[in-house]
Amino acid sequence: MDGTFGKYNNSRTRTTAITVTMGSTAGNITVTPISTCGNGTAATLSVSTAGGSTPLVEGFETSVPPSNWTLNNADNGTTWSRTTAAFATGTASAKMTFFGYTANLGTKDELQTQAISFVGKTSHTLTFKHAYAWMDRTGTANDRRDSLRILVSTDCGNTWTQLFYKGGNTLSTLTSGAGQQAAFTPTSGQWVSNNIDLSAYDGQSGVIIKFVAINRNGNNLYLDDININGTTTVAPIADFSANKTTVCAGGTVVFTDASSNAPTNYSWDFGAGASPAIATGVGPHTVTYSTSGTPTVTLVVSNISGSNTNTKTNYISVDPLPSAVGAISGGASVCEGATGNVFTISSVSNASDYTWTVPSGSTITAGMGSTSITVTFGSTAGDITITPSNACGNGTAAILPIALTNSVAPTIFIAATDTTICSGQQVDFTANTTNGGLTPTYVWKINGTPSGSNTATFSTSLLNDQDVVSAELTSSEVCSSANPAISNNVKIEVLSAPS
Ligand SMILES: [Ca+2]
């Protein structure tokens, strides 16, 4: 014991509590009650030193207890010792001489490791070999069966958890668990290997293991080839993939882990607009992106040896749907058959194409797919619609109802007061019209040359023989067809005076 006992630097403190500054060597703290009549029964606390690391390999080649181990010998009697009479490997082993240990049945002798760090490795195990025979007192009905318990503590020995407990025939390494009467010294074939899973203690910094021999005055127990170790791991490397990196707003992406070196923890961040926004666990994870953008995706992985972060900046492109269309500009009241009617919208955000529809019987003569079209109307009213679209789908359409007026055809028929006249005689022409509107326009012609004025009648006395008079009527109706209307021809015969 390499310690300093508080201010009492001696072994007789006459107090029920002491304060200890520990040194670097394991050992026992013992307290013995004393009176003038003598000593009471002592109590002992085994103190382990921290700092043990794996692999911890102990073959008892040098000493029992080994350096940094402690030996708890409750009765100060027979206890664990080093022997070269038997070994699994090397030249020595640890022996618990139950044979002949007649005192203190049930007393315990403990071989205890220092505190061992299980940090930085996984899948820790304890392997050891033992050899044992119990005391076979054939015919006496008084066999004697000792035990071996193996315990683990992670709180400096305050509490212990049992890892292994065998005794008598279950501990025996003879054939069929037999015992024997003679003092037991194993042959090389009488050692048994044991393997205890300590993975539950992975990551603990102070793991103490003790081998407890429980005396029944049976036969000898041997330990050798103790090995405590874990699997070395390395820090993981984070990586992941997505089933697609371009998606429309509202679409889903499946993320799959591609990390290496066996991560044990995963922390995902799927970036702006993602649902779910984060996740744990290896996945795969299905994520919905509701808003357009270029979210950055991050995966952090870790294991007992470290962590690693993989950030994929702007990894996903979330494309938007087109915005809604504004109002359609253009004349909403048109004539049947009207041509050159232009309808226009403002450019729509995120639209790559525009689909127009026009009333039945109407045709788009220019501009389909653009923000402006030219329409020739038929004879049926209806709606003009425009729907913006892109690779993600359609935006909200706009509608312009078209009021369509049927067209009328003007007609004109002219009549003369006389068609056979004498030279110089006045002839009066009158136009009979239909669909001329409130303010029709007349053009009178003699032999195709405009003459006269814009009235429904025309009078002249300047006609020559075989002159042809006609008229054109231009209707004032908003919607008219075959405009202007051409009248019939009236040929005039002028008779000559007798010569
Ligand atoms: Ca003892």
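Modeller: Leaving aside neighbours within four places in sequence, Ala 94 is in contact with Phe 60, Val 64, Trp 80, Arg 82, Leu 111, Tyr 222 and Leu 223, where contact means that two C-beta atoms, placed from the backbone, lie within 7 Å. This is a predicted model, in which local features need pLDDT of at least 70 and side-chain atom pairs count only at pLDDT 80 or more, while totals for chains, interfaces and linings use all residues. Residues are numbered from 1 along each chain as its sequence is written.

Ala 94 belongs to the largest nonpolar core, which has 43 residues, and is listed with Trp 80, Val 207, Ile 209, Ala 213 and Leu 221 among those with the most contacts inside this core. Such a core is a set of buried Ala, Val, Leu, Ile, Met, Phe, Trp, Tyr and Cys residues joined through C-beta atoms within 7 Å; a residue is buried if 20 or more other C-beta atoms lie within 10 Å of its own, exposed if 12 or fewer, and partly exposed in between. At least two residues of the core come from each of strands S8 (93–96), S10 (121–132), S11 (147–153), S14 (208–214) and S15 (221–232), and S14 gives the largest share, 6 residues. Strands here are DSSP runs (E, at least two residues), as helices are (H or I, at least four), numbered from the N terminus.

Met 96 lies in strand S8 and is buried, with 27 other C-beta atoms within 10 Å. Not counting residues up to four places away in sequence, Met 96 touches Trp 80, Asp 109, Ala 213, Asn 220 and Leu 221. Tyr 132 is 36 residues from Met 96 in sequence, and the two are 9.6 Å apart in space, C-alpha to C-alpha.

As for the whole chain, there are 0 helices and 43 strands. The radius of gyration, taken over C-alpha atoms, is 56 Å, well over the 23 Å that the globule rule (2.2 Å times the number of residues to the power 0.38) gives for 499 residues, so the chain is more spread out than a compact globule. Along its principal axes the C-alpha trace spans about 190 × 55 × 35 Å, and 31% of the 499 residues count as buried. The domain assignment, which is automatic or from a database, includes domain 2 (48–232) and domain 4 (333–405), whose centres, taken over C-alpha atoms, are separated by 93 Å.
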